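My plan was to look up a few things and write each one down.

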Amino acid sequence: MLRFVNICLVLALVALAYVIYEGKYEARALDEDIGGLRKDIETERDAVAVLRAEWSLLNRPERIERLAEKHLKLAPARPQQLVTLDTVSDNDFERARVEAADDALPAPSGPSTKVKSVAVPGVAAAPANLDDDLPAATKTTTVKTVPIKAKPVAQAAPAVIPPPVTVSPPEE
């Protein structure tokens, strides 16, 4: 019986030694993983520092001012442009809207064409007096058009691009 107990204790000791060595190697592997993660964190911190430096370089006021002058064609405000709220009228807003609309639209490259209303099946016709209830500032005006450059279509039928069209208000 004593021999059986000794054999069991030796087997338990071998199993315990195996478990301890396995735990030791797992701990070493985890330490190596932690070291690798620390190196990755340092690398990312360095990258963030470089990106912050680049961001501050790109956001310099002189650079933004130069780019705004080049691409936006902005100019400093003139004293004549500054007004008080009491002196502003509706005509000032309308004039600014018209100037902004003229600047936003590119110059037409094709001939202007007057267009008449055409009935479209399945679409209700607009009433003739559509603009009567609108203020004068929002009534229909002449529209400048620009031809559209079509990209190739992956269909068998060729793409049809209509000619440029200008819509004029009805003459009074």
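**Salt bridges and overall make-up**

I started with arginine 45, which counts as exposed at 54% relative accessibility. I am working with a predicted model.

Which side chain does arginine 45 meet in a salt bridge? I found glutamate 42, at 3.6 Å, N to O. Glutamate 42 is partly exposed, and its relative accessible area is 42%. Both residues sit in helix α1, which covers residues 2-58. They are 3 residues apart there, so about one helical turn separates them.

Next I checked how many salt bridges the chain has. The count is 2.

I then looked up the pair glutamate 94 and arginine 97. Their closest N and O atoms lie 3.4 Å apart, and the two form a salt bridge. This pair belongs to helix α3, residues 90-104. I noted glutamate 94 as partly exposed, with a relative accessible area of 23%. Arginine 97 is exposed, at 53%.

After that I turned to the whole chain. I counted 3 helices and 0 strands. Along the sequence the pattern reads α-α-α.

How much of the chain is buried? Of the 172 residues, 2% are buried. I noted an accessible surface of about 16,300 Å². Carbon and sulfur atoms hold 63% of that surface.

Residues 24 or more positions apart account for 68% of them.

How values were computed. Residues are numbered from 1 along each chain as its sequence is written. This is a predicted model: local features need pLDDT of at least 70, side-chain atom pairs count only at pLDDT 80 or more; totals for chains, interfaces and linings use all residues. Side-chain values use heavy atoms; hydrogens and water are left out. Helices (H or I, at least four residues) and strands (E, at least two) are DSSP runs, numbered from the N terminus. Buried means under 20% relative accessible area, exposed over 50%, partly exposed in between (1.4 Å probe, protein chains only). Contact means heavy atoms within 4.5 Å. Accessible areas come from the Shrake-Rupley method with a 1.4 Å probe; for residues, only the protein chains shown count as cover. A salt bridge is a side-chain nitrogen of Lys or Arg within 4 Å of a carboxyl oxygen of Asp or Glu.
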